[in-house]
Amino acid sequence: MKKHKVCAILNLNEDGSRLAPLTDTRPITSLPFGCRYRLIDFPFTSLHSAEIESAAFFLTGNGRSLHDHIRSGASWGLDSSIGGGLFPHTEIDIKEAVETHQPNQLSSFYHDQIHYVVRSKADYVVVMGSKMLCNIDIQPLLHYHQEKGSDVTIMYKNVPKETCTASAAESHFSFDAEGTDRITGINLVSHTPEEVGRVALSMGIAIMRSEKFIELTTEAGKQNLKGDTLLLVKNQLEYNKVYGYEYTGYLKDIDDIQSYFDANMDMLNEDNYNALFNRGDAIITKVKNGAPTFYSKEAEVKNAQFASDCFIEGKVENSLIFRKVKVAKGAVVDHSVVMQGSEIGEGAHLEYVILDKGVKVGAGVSLKGTPEDVLVIKKNAVIEAEKGA
């Protein structure tokens, strides 16, 4: 049987405004996760598992943090010099701002995507983002697409509507009456009647033939429809066979601070951790060598995860601790996410807090959020106890 060549387009120009200040200096796709990963690791691992050697990504802003993490893409097999490679397209917002369009002329956003697909000589294109945290297998998606004779196949998961975020962009599918998974409607979750208990939530991951992608992208360009995959097909449902492919693994839409915090906390549950990290091939990330984390005799640890190079003398429970973090004697870290290089002084107390990279919390400082309103401390902040307190 012929092995079909698949290329990938990653639309990473995802709205990170609801994740500020974590996204003040990085895009969503670069967000650290689970002590040693970044969100981009998950879609890249799916490409590696499917032996996809060619990918292009499109990103608003300069993406310095992303480039620093992925480099040539070698960790995920995306550095092939024969018919493969990683092709970055950044600053797409600036390009759009300075372009002067002529009638029927596509902007560089669409033109670059089409140009990439043509040059890849791939039979199929898989389109995805990074804010939908999951571990997918692309090969079954391709096989299902072929069996159905589908024009476009989009992944979805049946979820309780109450678990969806407040994002105005979240969409769900309605299907034909025959129950064949043929999509007949794409609807906003926010507009769904209250009595609806579950929805087929779109994951924004789709596969189609290269010719179909070029056709839909050209039409989207004419209509100036910028956004996720759904905009390519929403107005074309009547003219194309669009099917849904159900995903049953772990899924979290990283859309705001609460969903990001909850996703990290989910990893302290063994079932959730296995559903995400042990569903298929191991999640691949940039390798960083480091010493094992040190725990002093005074350290107390319960239900927590640690990366390497940490120095722990205080109490840590129900928390995730990234690389090179120091927790001094008498300090307490509870239900918190502490990113790389942060330092927590003697007697400090953290509860329902996210510390971004390089934060220094002084001795005796108390930082407390709540389960519904997590306190976020921005990158490289220095917090000292008030004098006389």
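**Entry 1. The open sheet**

I began with an open sheet of 5 strands, whose order is E16-E19-E22-E25-E28 and whose pairing is parallel. Strand E16 (305-306) and strand E28 (375-377) stand at the edges with a single partner strand each, so one side of each has no neighbour in the sheet. I note here that the model is a predicted one.

I then looked at one pair within the sheet. Strand E22 (residues 337-338) and strand E25 (residues 353-355) run parallel and are joined by 2 bridges. Opposite valine 337 I found isoleucine 354 in E25. I recall that strands of a sheet pair through backbone hydrogen bonds, either parallel or antiparallel.

**Entry 2. The nonpolar cores**

I next looked up the largest nonpolar core, which has 41 residues. Leu10, Phe44, Leu47, Val126, Ile136 and Ile205 are the ones that touch the most other members. Strand E11 (residues 198-209) gives the most to this core, namely 5 residues.

In soluble globular proteins, nonpolar side chains tend to be buried together.

**Entry 3. Helix H6**

I checked the length of helix H6 (residues 210-223). At 1.5 Å a residue, its 14 residues should span 20 Å, and the end C-alpha atoms are 20 Å apart, which agrees.

Which residues of H6 are buried? I listed Ser210, Lys212, Phe213, Leu216, Thr217, Ala220 and Gly221. They lie on the same side of H6, because they cover an arc of only 165° around the axis. On the other side of H6, I found Glu211 and Lys222 exposed.

The buried residues of H6 pack against several elements, including strand E1 (6-11), helix H4 (108-120), strand E6 (124-128) and E11. Just after H6, asparagine 224 takes a positive phi of about 55°.

**Entry 4. Threonine 90**

I located threonine 90 in the loop between strand E5 (85-89) and helix H3 (92-98). Is threonine 90 buried or exposed? Its relative accessibility is 18%, so threonine 90 counts as buried. Neighbours within four places in sequence aside, I found threonine 90 in contact with Phe57, Leu59, Gly61, Asn62, His67 and Lys95.

**Entry 5. Backbone exceptions**

Most residues other than glycine have a negative phi, and most peptide bonds are trans.

What joins alanine 20 and proline 21? I found a cis peptide bond, with omega about 10°. Proline 21 is placed in the loop between E1 and strand E2 (32-33).

Lysine 121 is not a glycine, yet has a positive phi of about 55°. I placed lysine 121 in the loop between H4 and E6. With a relative accessible area of 70%, lysine 121 is exposed.

Asparagine 380, also a residue other than glycine, has a positive phi near 65°. I found asparagine 380 in the loop between E28 and strand E29 (382-383).

Methods:
Residues numbered from 1 in each chain as written. Predicted model: local features only at pLDDT ≥ 70, side-chain atom pairs only at ≥ 80, totals over all residues. Heavy atoms only, no water. Pairing = 2+ DSSP bridges. Helix = DSSP H or I, 4+ residues; strand = E, 2+ residues; numbered from the N terminus. Buried < 20%, exposed > 50% of the residue type's maximum accessible area, 1.4 Å probe, protein only. Contact = heavy atoms within 4.5 Å. Core = buried A, V, L, I, M, F, W, Y, C linked by side-chain atoms within 4.5 Å. Expected span 1.5 Å × (residues − 1). Arc of directions from axis to C-beta.
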